[in-house]
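The exercises below are meant to be worked with the sequence and the coordinates side by side. Try each task before reading its solution.

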Amino acid sequence: TGYTASAHHAPCAAIRCQACFRPCCRLRGRRRQGHGRERLAAIEGGGDRKTVLEQLCDYGAKASTLGLCAGTGGNISARDGDVIWMKPAGYSMDELTPELLPGLDLTSGTQVHGETAPTSEYDMHLSVYRVRPDVTSVFHMHPPWLTGIISAGVPFRPLTTESVGYL
């Protein structure tokens, strides 16, 4: 399970599970029953396309509500067989509807579904899916608080041991 930081919570509760966006129970030394099991279950279980698209939009709305992205920043995508559905260019996470999501062929990168253009970062998402067949979704956020810290040149330490490998 991946974890992310939320600017709206005290440091001890700042780590949030990316699966359910609840404060990380690992910080308190226990694991909630069923914690993280609900994350994009339809995608992992080979769900139908409608459910995959609805879940992707729901998670985009959650990310926006929690302040993990602002404006059109950040991108999300999900695997549906050989089609990768993703956030379209120029839309914010809370504007997403299943009808807006473009679908790209995993192998060629050609848009095969939808009329909106995919995010400009579609190659990064496709690369992840091509290299890691086990990955069912990619969330690439631009938290406003972190963007501000980095822009100001303020040094900061990673919040989890997992994030150290990405520095």
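A polar contact is taken here as a pair of N or O atoms within 3.5 Å, of which, within protein, one must be able to donate a hydrogen and the other to accept it. The model is a predicted one.

**Exercise 1.** Determine which backbone nitrogens the side chain of Asp-105 reaches, and describe the surroundings of Asp-105.

*Solution.* Begin by placing the residue: Asp-105 belongs to strand E5, which covers residues 103-105. Its relative accessibility is 22%, so Asp-105 counts as partly exposed, given that the class of buried residues ends under 20%. Next, apply the cut-off to the side chain: a polar atom of Asp-105 lies 3.2 Å from the backbone nitrogen of Thr-107, and the backbone nitrogen of Ser-108 is reached at 2.8 Å. Then turn to contacts beyond four places in sequence, where Asp-105 touches Asp-82, Thr-110, Val-112 and Leu-126. Finally, consider Asp-80, which is 25 residues away along the chain and whose C-alpha atom is separated from that of Asp-105 by 9.9 Å.

**Exercise 2.** Find the aromatic pair of the structure and classify its geometry.

*Solution.* A pair of aromatic rings is described by the distance of the centres and the angle of the planes. The structure holds one such pair. The ring centres of Tyr-59 and Phe-139 are 6.0 Å apart and the planes stand at 90°, so this pair is edge-to-face. Now locate the partners: because Tyr-59 lies in helix H2 (residues 49-65) and Phe-139 in strand E7 (residues 137-140), the pair ties together parts that are 80 residues apart in sequence. As to accessibility, Tyr-59 is buried, with a relative accessible area of 5%, whereas Phe-139, at 28%, counts as partly exposed.

Methods: Residues are numbered from 1 along each chain as its sequence is written. This is a predicted model: local features need pLDDT of at least 70, side-chain atom pairs count only at pLDDT 80 or more; totals for chains, interfaces and linings use all residues. Side-chain values use heavy atoms; hydrogens and water are left out. Rings of Phe, Tyr and Trp (its six-membered ring) pair if their centres lie within 6.5 Å; planes under 30 degrees apart count as stacked, over 60 as edge-to-face and the rest as tilted. Helices (H or I, at least four residues) and strands (E, at least two) are DSSP runs, numbered from the N terminus. Buried means under 20% relative accessible area, exposed over 50%, partly exposed in between (1.4 Å probe, protein chains only). Contact means heavy atoms within 4.5 Å.
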